[in-house]
Amino acid sequence: MNSAETPVPGAPAQDETDQILHLARLVQSGAGAGGGSEPPLTPAQWTALRYFARANRFSRTPSAFSEFNATTRGTASQVVKSLIGMGLLQRRANESDGRSALIEITETGRARLRDDPTAALGAAIAALEPGLRAALSEGISALTSSLARQKGTPVFGSCRDCRHCDLEAQAAWCHCTHSRLDAVEMGALCIDFAPAARRA
Ligand code: SF4
(Lines give C-alpha, C1' and ligand atoms only; values in the text may rest on other atoms or scores of the structure.)
Protein backbone atom coordinates (compact mmCIF):
# COMPACT_ATOMS: atom_id res chain seq x y z
CA MET A 1 0.00 0.00 0.00
CA ASN A 2 1.30 3.45 -0.87
CA SER A 3 1.86 5.41 2.35
CA ALA A 4 -0.18 8.28 0.86
CA GLU A 5 -3.28 6.05 0.57
CA THR A 6 -5.77 6.17 3.40
CA PRO A 7 -7.02 2.71 4.44
CA VAL A 8 -10.77 2.23 4.04
CA PRO A 9 -12.31 1.14 7.37
CA GLY A 10 -13.48 -2.47 7.16
CA ALA A 11 -11.63 -3.17 3.87
CA PRO A 12 -9.64 -6.45 3.76
CA ALA A 13 -6.15 -5.85 5.17
CA GLN A 14 -4.16 -8.57 3.39
CA ASP A 15 -1.15 -6.30 2.91
CA GLU A 16 -0.88 -5.48 6.64
CA THR A 17 -1.51 -9.13 7.53
CA ASP A 18 1.30 -10.30 5.23
CA GLN A 19 3.63 -7.61 6.59
CA ILE A 20 3.02 -8.66 10.19
CA LEU A 21 3.62 -12.34 9.37
CA HIS A 22 6.74 -11.45 7.37
CA LEU A 23 8.04 -9.40 10.30
CA ALA A 24 7.44 -12.32 12.67
CA ARG A 25 9.39 -14.65 10.37
CA LEU A 26 12.27 -12.15 10.14
CA VAL A 27 12.42 -11.95 13.94
CA GLN A 28 12.52 -15.73 14.27
CA SER A 29 15.13 -16.27 11.55
CA GLY A 30 18.35 -17.40 13.18
CA ALA A 31 16.53 -18.04 16.47
CA GLY A 32 17.80 -21.64 16.46
CA ALA A 33 21.44 -20.60 16.39
CA GLY A 34 23.31 -21.16 19.64
CA GLY A 35 25.10 -18.38 21.48
CA GLY A 36 28.77 -19.44 21.37
CA SER A 37 29.06 -22.91 22.89
CA GLU A 38 25.47 -22.83 24.20
CA PRO A 39 22.99 -25.36 22.80
CA PRO A 40 20.47 -23.74 20.43
CA LEU A 41 16.96 -22.91 21.68
CA THR A 42 13.78 -23.34 19.66
CA PRO A 43 11.49 -20.31 19.12
CA ALA A 44 9.11 -21.75 21.76
CA GLN A 45 11.97 -22.07 24.27
CA TRP A 46 13.02 -18.46 23.63
CA THR A 47 9.42 -17.33 24.10
CA ALA A 48 9.22 -19.23 27.40
CA LEU A 49 12.51 -17.78 28.63
CA ARG A 50 11.36 -14.24 27.87
CA TYR A 51 7.94 -14.93 29.36
CA PHE A 52 9.21 -16.23 32.72
CA ALA A 53 11.72 -13.36 32.90
CA ARG A 54 8.85 -10.85 32.61
CA ALA A 55 5.74 -12.50 34.09
CA ASN A 56 4.50 -11.46 37.54
CA ARG A 57 3.93 -13.81 40.48
CA PHE A 58 0.33 -14.52 39.40
CA SER A 59 1.42 -15.62 35.94
CA ARG A 60 4.60 -17.67 36.36
CA THR A 61 2.96 -21.06 35.77
CA PRO A 62 3.08 -23.45 32.80
CA SER A 63 -0.69 -23.04 32.27
CA ALA A 64 -0.43 -19.23 32.09
CA PHE A 65 2.46 -19.66 29.66
CA SER A 66 0.31 -21.98 27.53
CA GLU A 67 -2.27 -19.15 27.22
CA PHE A 68 0.44 -16.61 26.38
CA ASN A 69 2.02 -18.84 23.75
CA ALA A 70 -1.35 -20.11 22.42
CA THR A 71 -0.40 -23.77 22.87
CA THR A 72 -1.83 -26.70 24.82
CA ARG A 73 -0.88 -27.10 28.47
CA GLY A 74 0.96 -30.31 27.61
CA THR A 75 3.12 -28.58 25.01
CA ALA A 76 3.81 -25.66 27.36
CA SER A 77 4.80 -28.05 30.16
CA GLN A 78 7.23 -29.86 27.85
CA VAL A 79 8.89 -26.57 26.88
CA VAL A 80 9.19 -25.54 30.54
CA LYS A 81 10.54 -28.96 31.49
CA SER A 82 13.19 -28.78 28.78
CA LEU A 83 14.38 -25.35 30.02
CA ILE A 84 14.48 -26.61 33.62
CA GLY A 85 16.63 -29.49 32.37
CA MET A 86 19.02 -26.97 30.78
CA GLY A 87 19.27 -24.99 34.03
CA LEU A 88 17.61 -21.91 32.49
CA LEU A 89 14.37 -22.13 34.55
CA GLN A 90 13.66 -23.56 37.99
CA ARG A 91 10.59 -24.66 39.94
CA ARG A 92 9.93 -22.93 43.29
CA ALA A 93 7.21 -23.46 45.91
CA ASN A 94 4.35 -20.97 45.63
CA GLU A 95 4.16 -19.27 49.04
CA SER A 96 0.56 -18.15 48.52
CA ASP A 97 -0.65 -21.56 47.28
CA GLY A 98 1.02 -24.65 48.71
CA ARG A 99 -0.56 -26.90 46.04
CA SER A 100 1.19 -25.21 43.13
CA ALA A 101 4.70 -24.19 42.10
CA LEU A 102 6.00 -21.10 40.38
CA ILE A 103 8.49 -21.17 37.55
CA GLU A 104 11.43 -18.76 37.91
CA ILE A 105 14.21 -17.84 35.54
CA THR A 106 17.71 -18.69 36.83
CA GLU A 107 20.79 -16.50 36.66
CA THR A 108 21.99 -18.70 33.78
CA GLY A 109 18.65 -18.10 32.04
CA ARG A 110 18.98 -14.33 32.43
CA ALA A 111 22.50 -14.47 31.02
CA ARG A 112 21.19 -16.48 28.06
CA LEU A 113 18.69 -13.71 27.27
CA ARG A 114 21.65 -11.59 26.14
CA ASP A 115 21.50 -13.70 22.95
CA ASP A 116 17.75 -13.12 22.53
CA PRO A 117 17.01 -13.15 18.78
CA THR A 118 14.21 -10.58 19.27
CA ALA A 119 16.70 -7.95 20.51
CA ALA A 120 17.07 -6.49 17.00
CA LEU A 121 13.31 -5.90 16.79
CA GLY A 122 13.32 -4.31 20.26
CA ALA A 123 16.12 -1.95 19.20
CA ALA A 124 14.28 -1.05 15.98
CA ILE A 125 11.09 -0.25 17.93
CA ALA A 126 13.04 1.82 20.47
CA ALA A 127 14.52 3.85 17.59
CA LEU A 128 11.09 4.84 16.24
CA GLU A 129 9.94 8.42 16.56
CA PRO A 130 7.93 8.59 19.89
CA GLY A 131 4.58 9.36 18.22
CA LEU A 132 4.98 6.46 15.78
CA ARG A 133 6.04 4.14 18.60
CA ALA A 134 2.97 5.13 20.68
CA ALA A 135 0.68 4.58 17.67
CA LEU A 136 2.30 1.18 17.03
CA SER A 137 1.80 0.18 20.66
CA GLU A 138 -1.85 1.27 20.58
CA GLY A 139 -2.47 -0.55 17.29
CA ILE A 140 -0.89 -3.79 18.53
CA SER A 141 -2.94 -3.62 21.75
CA ALA A 142 -6.15 -3.15 19.76
CA LEU A 143 -5.32 -6.10 17.47
CA THR A 144 -4.37 -8.38 20.38
CA SER A 145 -7.58 -7.52 22.26
CA SER A 146 -9.71 -8.09 19.17
CA LEU A 147 -8.23 -11.53 18.41
CA ALA A 148 -8.23 -12.60 22.07
CA ARG A 149 -11.94 -11.69 22.29
CA GLN A 150 -12.71 -13.75 19.17
CA LYS A 151 -10.77 -16.75 20.48
CA GLY A 152 -11.86 -16.41 24.11
CA THR A 153 -8.29 -16.23 25.44
CA PRO A 154 -6.75 -13.86 27.99
CA VAL A 155 -4.97 -10.67 26.96
CA PHE A 156 -1.63 -10.16 28.64
CA GLY A 157 -0.45 -6.74 29.71
CA SER A 158 1.00 -4.84 32.65
CA CYS A 159 -0.45 -2.92 35.57
CA ARG A 160 0.02 0.53 34.10
CA ASP A 161 -2.61 -0.13 31.43
CA CYS A 162 -4.87 -2.37 33.56
CA ARG A 163 -8.25 -1.30 34.88
CA HIS A 164 -7.66 -3.30 38.10
CA CYS A 165 -4.71 -1.07 38.99
CA ASP A 166 -5.41 1.67 41.54
CA LEU A 167 -2.76 4.36 41.47
CA GLU A 168 -4.77 6.66 43.74
CA ALA A 169 -4.01 4.50 46.78
CA GLN A 170 -0.91 5.32 48.89
CA ALA A 171 0.86 2.40 47.22
CA ALA A 172 -0.25 0.94 43.88
CA TRP A 173 -2.98 -1.63 44.52
CA CYS A 174 -4.48 -4.45 42.41
CA HIS A 175 -8.24 -4.83 42.88
CA CYS A 176 -8.19 -8.21 41.08
CA THR A 177 -5.55 -10.02 43.13
CA HIS A 178 -6.05 -7.81 46.24
CA SER A 179 -2.37 -7.15 46.58
CA ARG A 180 0.07 -4.29 46.72
CA LEU A 181 2.15 -3.75 43.58
CA ASP A 182 5.78 -2.76 43.69
CA ALA A 183 7.68 -0.94 40.96
CA VAL A 184 8.99 -4.14 39.35
CA GLU A 185 5.53 -5.73 39.23
CA MET A 186 4.05 -2.62 37.62
CA GLY A 187 5.98 -3.44 34.45
CA ALA A 188 5.53 -7.23 34.55
CA LEU A 189 3.28 -9.33 32.29
CA CYS A 190 0.03 -10.50 33.90
CA ILE A 191 -2.57 -13.09 32.90
CA ASP A 192 -5.27 -11.23 34.87
CA PHE A 193 -4.70 -8.02 32.90
CA ALA A 194 -7.84 -6.16 31.85
CA PRO A 195 -7.24 -3.37 29.33
CA ALA A 196 -8.16 0.15 30.42
CA ALA A 197 -7.86 3.51 28.73
CA ARG A 198 -4.18 4.36 28.58
CA ARG A 199 -2.87 6.78 31.17
CA ALA A 200 -0.92 9.78 29.99
S1 SF4 B 1 -3.35 -4.55 38.23
FE2 SF4 B 1 -3.93 -5.82 36.48
S3 SF4 B 1 -1.99 -6.32 35.48
FE4 SF4 B 1 -1.52 -5.63 37.57
S5 SF4 B 1 -1.46 -7.48 38.84
FE6 SF4 B 1 -3.55 -6.65 38.94
S7 SF4 B 1 -4.67 -7.73 37.33
FE8 SF4 B 1 -2.50 -8.00 36.91
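**Leu113 and onwards**

Modeller: Leu113 counts as partly exposed because it has 16 C-beta neighbours inside 10 Å. The cut-offs are these: buried means 20 or more other C-beta atoms within 10 Å of the residue's own, exposed means 12 or fewer, partly exposed is in between, and C-beta atoms are placed from the backbone. This is a predicted model, in which local features need pLDDT of at least 70, side-chain atom pairs count only at pLDDT 80 or more, and totals for chains, interfaces and linings use all residues. Residues are numbered from 1 along each chain as its sequence is written.

Biologist: Where is the place of Leu113?

Modeller: Leu113 sits in the loop between α5 (107–112) and α6 (119–126). Helices (H or I, at least four residues) and strands (E, at least two) are DSSP runs, numbered from the N terminus.

Biologist: And what is Leu113 in contact with, leaving aside its neighbours within four places in sequence?

Modeller: Leu49, Arg50 and Ala53. Contact means that the C-beta atoms of two residues, placed from the backbone, lie within 7 Å. As for Ala44, Leu113 is 69 residues from it in sequence and 14 Å from it in space, C-alpha to C-alpha.

Biologist: Which residues of α2 are buried?

Modeller: In α2, these are Gln45, Trp46, Thr47, Ala48, Leu49, Tyr51 and Phe52. Their cover includes α3, α4, β1 (89–93), β2 and α5.

Biologist: What about the largest nonpolar core, how many residues has it?

Modeller: It has 27 residues, and Ala48, Phe52 and Val80 have the most contacts inside it. Such a core is a set of buried Ala, Val, Leu, Ile, Met, Phe, Trp, Tyr and Cys residues joined through C-beta atoms within 7 Å.

Biologist: Which elements give two or more residues to this core?

Modeller: α2 (43–54), α3 (62–68), α4 (73–85) and β2 (101–105). The largest share, 5 residues, comes from α2. Leaving aside its neighbours within four places in sequence, Ala48 is in contact with Phe65, Val79, Val80 and Leu83.

Biologist: How far does α2 reach from its first C-alpha to its last?

Modeller: α2 has 12 residues and reaches 17 Å, close to the 16 Å expected at 1.5 Å a residue. The expected span is 1.5 Å times one less than the number of residues in the helix.

Biologist: And what should helix α1 span?

Modeller: The 15 residues of α1 (residues 14–28) should span 21 Å at 1.5 Å a residue, and the end C-alpha atoms are 21 Å apart, which agrees. α1 is hardly covered, with a count of 0 buried residues among its 15. His22 is found in α1. With 10 other C-beta atoms within 10 Å, His22 is exposed. His22 and Thr72 are 50 residues apart in sequence and 25 Å apart in space, C-alpha to C-alpha.

Biologist: Zooming out, how many helices and strands has the protein chain?

Modeller: There are 8 helices and 5 strands in the protein chain. From the N terminus on, the elements run α-α-α-α-β-β-α-α-α-β-β-β-α. The C-alpha trace spans about 55 × 50 × 30 Å along its principal axes. Of the 200 residues in the protein chain, 18% are buried.

Biologist: What order has the open sheet of 3 strands?

Modeller: The order is β3-β4-β5, with antiparallel pairing. β3 (165–166) and β5 (179–180) stand at the edges with a single partner strand each, so one side of each is left without a neighbour in the sheet. Strand β4 (residues 173–174) is joined to β5 by 2 bridges; two strands pair if DSSP finds at least two bridges between them. Cys174 stands opposite Ser179 in β5.
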